[in-house]
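This report describes the disulfides, salt bridges, helix packing and backbone geometry of one protein model. Please consult the sequence and the structure shown below while reading.

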Amino acid sequence: MHPQYNGNAGGYPNDIGLLRLSSALAFNSHVTNITIDEDPNMSWEGESCTLSGWGRLSGSGSSANILKKVTMKKISNTECASRWASVGGANINDGHICFYEPPKSACSGDSGGPVRCKGVLTGVTSWGVSTCSGSFPSVYTRLSNYASWMRQNSW
């Protein structure tokens, strides 16, 4: 877990952790590696990106029993912050990357799941609106913001 993660602060700053597997992955047609975004200057703004996860199918619904995916547009952090401005504690910072294309949304249970832009892993699900209605942007942890930390803490 990132040492500066704060689950009690607005926007859940530094919402990222690394896992160490007990054995190596066996790569095959279903399991492959992916490039992680390390370029802090790459905005991805306006890009259609793919979000995926096993989360709820609606705010109070059941969790997916098969992996779900959706394509949504990446928006700027300025637009994201503006769209979340009416919600207390919904702080957007440089460690976030946001996606918005109503009525699509990440949902509860998708946390930690990936978002890919042009085949590059750009973020992991962090937080959003609990109704999963798509009325607010889905907020992800921006991996390029943590590239150095990930390298330093990889085995």
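Cysteine 117 is buried, with a relative accessible area of 0%; buried here means under 20% relative accessible area, exposed over 50%, and partly exposed in between, computed with a 1.4 Å probe on protein chains only. The model is predicted: local features need pLDDT of at least 70, side-chain atom pairs count only at pLDDT 80 or more, and totals for chains, interfaces and linings use all residues. Residues are numbered from 1 along each chain as its sequence is written, and side-chain values use heavy atoms, with hydrogens and water left out.

**Disulfides**

Cysteine 117 is joined by a disulfide to cysteine 49, a disulfide being a pair of cysteine sulfur atoms within 2.5 Å. The two cysteines link distant parts of the chain, cysteine 49 lying in strand β2 and cysteine 117 in strand β5, 68 residues apart. Helices (H or I, at least four residues) and strands (E, at least two) are DSSP runs, numbered from the N terminus. Cysteine 49 is likewise buried, at 0% relative accessible area.

The structure holds three disulfides, listed here with their geometry.

| Pair | S to S distance | Torsion about S-S | Handedness |
|---|---|---|---|
| Cysteine 49 and cysteine 117 | 2.0 Å | about 110° | right-handed |
| Cysteine 80 and cysteine 98 | 2.2 Å | -75° | left-handed |
| Cysteine 107 and cysteine 132 | 1.9 Å | 85° | right-handed |

Cysteine 80 and cysteine 98 form a disulfide. Cysteine 80 belongs to helix α1 and cysteine 98 to strand β4, so this bond ties together parts that are 18 residues apart in sequence. Both cysteine 80 and cysteine 98 are buried.

A further disulfide is formed by cysteine 107 and cysteine 132. Cysteine 107 is in the loop between β4 and β5, and cysteine 132 in the loop between β6 and β7, so the bond connects parts 25 residues apart in sequence. Cysteine 107 counts as buried at 8% relative accessibility, and cysteine 132 is buried at 12%. When the bonded cysteines are numbered in sequence order, the pairing is 1-5, 2-3, 4-6.

**Helix α1**

Helix α1 spans residues 77-84, and its buried residues are Asn77, Cys80 and Trp84. They cover an arc of only 55° around the axis, which puts them on the same side of α1; the arc is that of the directions from the helix axis to the C-beta atoms. The face turned away from this buried side carries the exposed residues Thr78 and Ser82. Cover for the buried residues of α1 includes β3 (68-75), β4, β6 and β7, with contact meaning heavy atoms within 4.5 Å.

Helix α1 also holds arginine 83 and glutamate 79, four residues apart, about one turn of the helix. Arginine 83 forms a salt bridge with glutamate 79, the closest N and O atoms being 2.9 Å apart. A salt bridge is a side-chain nitrogen of Lys or Arg within 4 Å of a carboxyl oxygen of Asp or Glu. Arginine 83 is partly exposed at 37% relative accessible area, as is glutamate 79 at 30%.

A search of the whole structure finds four salt bridges. One of them pairs glutamate 38 with arginine 151, with 2.3 Å between the closest N and O atoms. Glutamate 38 lies in the loop between β1 and β2, and arginine 151 in helix α2 (residues 147-152), so the pair ties together parts that are 113 residues apart in sequence. Glutamate 38 is partly exposed, with a relative accessible area of 46%.

Lysine 118 forms a salt bridge with glutamate 47, the closest N and O atoms being 3.9 Å apart. The pair links distant parts of the chain, lysine 118 in the loop between β5 and β6 and glutamate 47 in the loop between β1 and β2, 71 residues apart. Lysine 118 is exposed at 64% relative accessibility, whereas glutamate 47 is partly exposed at 22%.

Glutamate 45 is found in the loop between β1 (35-36) and β2 (48-53). Leaving aside neighbours within four places in sequence, glutamate 45 is in contact with Lys74, Ile75 and Ser76.

**Backbone geometry**

Most residues other than glycine have a negative phi, and most peptide bonds are trans. Lysine 118 has a positive phi, near 50°, and cysteine 132 has a positive phi of about 60°. The peptide bond from proline 102 to proline 103 is cis, with omega near 5°. Proline 103 is placed in the loop between β4 (96-99) and β5 (114-117).
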